[in-house]
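Here is a short briefing to read alongside the structure. Take a look at the chain first, and then we can walk through it topic by topic.

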Amino acid sequence: MPELKPFRAFMYNSDLVPLDDVVAPPYDVISPSQQLDLYRRHPQNVIRLILGAGKDPYTDAGGYWKAWKRDTIIRQDDAPALYLISQRYSLAGGATRDRTGFIASCRLEELGRGTIFPHEKTLASPKEDRMKLIRATDALFSQIFAVYADPEHYIDTRLQQVMNRAPDLSCTSDGVLNRLWRIHDQKPALELATFMKHNRVFIADGHHRYETALSYASDRRLHNPAHTGKEPYNFIPLYCTNLHNDGLTILPPHRVLHDLPDYSPERILKGISGDFSVETVGNVDALLEPGPWKASQIQFGMALRGDPKLYRLRLEKERMPQDASIPAVLEILDVTLLQSRILKKILGMTDEDIHTKKYINYVIDPSQALRAVREEDAQVVFFIHPPAIEQVKAVAESGLVMPQKSTYFYPKLLSGLVMYSFGEE
């Protein structure tokens, strides 16, 4: 059972800095151009903490963190609280949605061995990067994103009651309205914690930061002869949202390929036609629209540089691989079959090529992905469909992980909105 409790968060002082100008997306989705824009936006933007541009960004971040707290640019809440977050957003061509969840301090535990489960693999390089940052600052500047199952909406109902009053603060970033309420009352806090004791949570975003914090806590424990288990480094800020919440959206990271050796549209089409049925479609929207094929087929979209057509690739169930090395819960996923049947078998990529992104960029916006092939240097784009949240849950419960970049939970949680110190109560 995940152990959750209120904590004293660090937040920007809105009397001194405009909140809209100092928050940022998570570090791992910020492009170089967006990084530069955030640097220019405000001298105290959280970008200087999470993604520095200097020769020693970690030491710089530690200096900023210390100075901004000293100057009360960032200050710690007086009393422990849970933090209710509402994010209002709109998808392209869709209605407005609201996703609600709460942030609590969660005791760290080994992933997959207790009640906190991962769904994606982690890589050594990002964990090394985040470890350097944690050691320099002794802090986290955003939360781990987790989902839990509450089909009866027990928690959602209680969060809605809190939202009957005006939010404590709000800001808008990338078109998403973020509102926050502090929950100081013991009754709702106890109800949330008690409910979660009988539940399990599945990490949606933040695998690298979670594993890094776990290693950091282990190191702190070994070097603290007075360790009690109650120190802040034994916990991590966890954002929890109901996987049955109507506002939960998963977008697919489309695969944009570049620098493939011996690239030839004809060779790729010939290789793919051996396993997939191939047909042309008129536009990207037709490729991405959901349909009844989902129950019995795997489907991708594809565009090739030097070929003006758009292709729909279908793989019938009877032609799906019976590979004993791939568990059934993974074998039926679009991203698994794309990786095994096309990226590896047809294009000859190795696991290392895929893990290091040697030939792959991941792009969320389908128009941007297509533009990369039509107008830029990319050679192929594969348009995929997102997995259902039930599939994410099934993979995690099986003790397995999805291929890299299988999901993109939208909207992202903001860095700099609610911050956590591993060293200060």
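A residue counts as buried when its relative accessible area is under 20%, and as exposed when that area is over 50%. With that cut-off in hand, Asp77 is buried, because its relative accessibility is 9%. Please keep in mind that this is a predicted model.

**Salt bridges**

- The structure holds 20 salt bridges by the rule used here. In general, side chains of opposite charge can pair when their charged atoms come close.
- The buried Asp77 has Arg182 as a salt-bridge partner, with 2.8 Å between the closest N and O atoms. This pair links distant parts of the chain, 105 residues apart: Asp77 sits in the loop between β3 (74–76) and β4 (82–90), while Arg182 belongs to strand β10 (residues 176–183).
- Asp205 and Lys412 also meet through their side chains in a salt bridge, at 2.5 Å from N to O. Asp205 is in strand β11 (residues 201–205) and Lys412 is in the loop between β20 (408–410) and β21 (420–421), so this contact ties together parts 207 residues apart in sequence. Both Asp205 and Lys412 are buried.
- Arg200, Lys393 and Glu397 are joined in a network of salt bridges.

**Cysteines**

- How many disulfides does a search of the whole structure find? The search finds zero. For reference, a disulfide is a covalent bond between the sulfur atoms of two cysteines.
- Cys240 is in no disulfide, and the nearest cysteine sulfur, which belongs to Cys106, is 6.9 Å away.
- Cys240 is buried, at 0% relative accessibility.
- Cys171 is buried as well, with a relative accessible area of 2%.

- Strand β8 (residues 144–148) is mostly covered, with five of its five residues buried.
- Which residues of β8 are buried on each face? Ile144, Ala146 and Tyr148 are buried on one side, and Phe145 and Val147 are buried on the other.
- β8 runs parallel to strand β12 (residues 235–242), and five bridges join the two. Within this pairing, Tyr148 has Asn242 of β12 as its bridge partner.
- β8 also pairs with β11, this time antiparallel, through four bridges. Here Ala146 stands opposite Ile203.

**Strand β14 and its partners**

- Both faces of strand β14 (residues 254–257) are covered: His254 and Val256 are buried on one side, Arg255 and Leu257 on the other.
- β14 pairs with strand β18 (residues 360–363) in the antiparallel sense, over four bridges. Leu257 is found opposite Ile360 of β18.
- Three bridges join β14 to strand β19 (residues 380–383), and these two strands run antiparallel. In this pairing, Val256 faces Val381 of β19 as its opposite residue.

**The second largest pocket**

- The second largest pocket has a volume of about 650 Å³.
- Which residues are closest to the centre of this pocket? They are Leu91, Ile250, Leu251, Pro252 and Leu288, out of 20 residues that line the second largest pocket.
- Strand β13 (residues 249–251) gives the largest share of the lining, with three residues.
- By type, the lining of the second largest pocket divides into eleven nonpolar, five polar and four charged residues.

**A pair of remote residues**

- Ala166 lies in the loop between α6 (154–162) and β9 (169–173). With a relative accessible area of 58%, Ala166 is exposed.
- Ala166 and Thr350 are 184 residues apart along the chain, and 53 Å separates their C-alpha atoms.

Definitions and conventions. Residues numbered from 1 in each chain as written. Predicted model: local features only at pLDDT ≥ 70, side-chain atom pairs only at ≥ 80, totals over all residues. Heavy atoms only, no water. Salt bridge = Lys/Arg side-chain N within 4 Å of Asp/Glu carboxyl O. Buried < 20%, exposed > 50% of the residue type's maximum accessible area, 1.4 Å probe, protein only. Disulfide = S-S within 2.5 Å. 1 Å grid on protein atoms, 1.4 Å probe; cavity = no way out; pocket = protein on both sides within 12 Å on 5 of 7 lines; lining within 4 Å. Points joined across faces, edges and corners; volume = space filled by probe spheres on them. Nonpolar A, V, L, I, M, F, W, Y, C, P; charged D, E, K, R; others polar. Pairing = 2+ DSSP bridges.
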